[in-house]
Amino acid sequence: MRTSLLALASLAIAGTATADVALSIPVDLGTNGSVQALSYACGENETFAVQYVNTDANTLAIVPVDGEDRIFVNVVSGSGAKYVAGAHVWWTKGDTATLENTLEDASVKECQAQDGAASE
């Protein structure tokens, strides 16, 4: 009986691990919150939009990395705004930015904000 329960539990966990999962986390913008989208050009032909979510309690950047949107959180920096997600760092100052994978040598992409960037 105990073996049967362990086998069923293992199958249930395995089935859950391979299922597509969507997660939605409501974020209260608070009284001074905002959502802003800016377009950046990196290198010669790479252009993408970054969404910035600024709330009373949190500051986030949603940056596309390797074809997936990743949620970066704001961390302390000496200058500009620095966001991290795992090994990736998105660092902005004025209308310039860099995207770096800290686990790969020479992975820094230099980016420039584009004129006419959309905002919400």
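Trainee: Before we start, what does buried mean here?
Mentor: Buried means under 20% relative accessible area, and exposed means over 50%. Keep in mind that this is a predicted model.

Trainee: OK. Is Asn-101 buried or exposed?
Mentor: Asn-101 has a relative accessible area of 13%. The cut-off for buried is under 20%, so Asn-101 is buried.

Trainee: Which strand holds Asn-101?
Mentor: Strand 7, which covers residues 96-101.

Trainee: What does the side chain of Asn-101 reach?
Mentor: One of its polar atoms lies 2.9 Å from the backbone nitrogen of Leu-103.

Trainee: And which residues does Asn-101 touch, beyond those up to four places away in sequence?
Mentor: Ala-87, His-88 and Ser-107.

Trainee: Let's follow Ser-107. Where does it lie?
Mentor: Ser-107 is in the loop between strand 7 and strand 8.

Trainee: Why does Ser-107 count as buried?
Mentor: Its relative accessibility is 16%. Buried is anything under 20%, so Ser-107 qualifies.

Trainee: What does its side chain reach?
Mentor: The side chain of Ser-107 comes to 2.7 Å from the backbone oxygen of Asn-101.

Trainee: Which residues is Ser-107 in contact with, leaving aside neighbours within four places in sequence?
Mentor: Leu-99, Glu-100 and Asn-101.

Trainee: Switching to pockets. What is the volume of the second largest pocket?
Mentor: About 200 Å³. Asn-101 and Ser-107 are among the residues that line it. Others include His-88, Leu-99, Glu-100 and Asp-66.

Trainee: Which strand gives the most to that lining?
Mentor: Strand 7, with three residues. Strand 2 and strand 3 also supply at least two residues each.

Trainee: How does the lining of the second largest pocket split by class?
Mentor: Five charged, four nonpolar and three polar residues.

Trainee: Now the largest pocket. What is its volume?
Mentor: The largest pocket comes to about 350 Å³.

Trainee: Which elements give two or more residues to its lining?
Mentor: Strand 2 (46-54) and strand 3 (59-65).

Trainee: Which residues line the largest pocket?
Mentor: Leu-23, Ile-25, Val-27, Leu-29, Val-35, Gln-51, Val-53, Leu-60, Ile-62 and Ile-71.

Trainee: And how do they divide by class?
Mentor: Nine are nonpolar, one is polar and none is charged.

Trainee: Where is Asp-66 in the chain?
Mentor: In the loop between strand 3 and strand 4, the latter being residues 68-75.

Trainee: Buried or exposed?
Mentor: Asp-66 is exposed, because its relative accessible area is 69% and the cut-off is over 50%.

Trainee: Which other non-glycine residue has a positive phi of about 55 degrees?
Mentor: Ala-106 is one. Its place is the loop between strand 7 and strand 8. Ser-107 lies in the loop between strand 7 and strand 8 too.

Trainee: What is the relative accessible area of Ala-106?
Mentor: It is 87%, so Ala-106 is exposed.

Trainee: New topic. How many disulfides does the structure hold?
Mentor: One. Cys-42 is joined to Cys-111, with the sulfurs 1.9 Å apart.

Trainee: Which parts of the chain does the pair link?
Mentor: Distant ones. Cys-42 is in strand 1 (residues 34-42), and Cys-111 is in strand 8 (residues 109-113). The two are 69 residues apart.

Trainee: What is the handedness of the link?
Mentor: The link of Cys-42 and Cys-111 is right-handed, with 105 degrees about the S-S bond.

Trainee: Are those cysteines buried or exposed?
Mentor: Cys-42 and Cys-111 are both buried.

Trainee: What share of the protein chain is made up of buried residues?
Mentor: Buried residues account for 22% of the 120 residues.

Trainee: Last one. Of the contacts between residues at least 6 apart in sequence, what share joins residues at least 24 apart?
Mentor: That comes to 28% in the protein chain.

Technical notes: Residues numbered from 1 in each chain as written. Predicted model: local features only at pLDDT ≥ 70, side-chain atom pairs only at ≥ 80, totals over all residues. Heavy atoms only, no water. Helix = DSSP H or I, 4+ residues; strand = E, 2+ residues; numbered from the N terminus. Buried < 20%, exposed > 50% of the residue type's maximum accessible area, 1.4 Å probe, protein only. Polar contact = N/O pair within 3.5 Å; in protein donor to acceptor, adjacent residues only side chain to side chain. Contact = heavy atoms within 4.5 Å. 1 Å grid on protein atoms, 1.4 Å probe; cavity = no way out; pocket = protein on both sides within 12 Å on 5 of 7 lines; lining within 4 Å. Points joined across faces, edges and corners; volume = space filled by probe spheres on them. Nonpolar A, V, L, I, M, F, W, Y, C, P; charged D, E, K, R; others polar. Disulfide = S-S within 2.5 Å.
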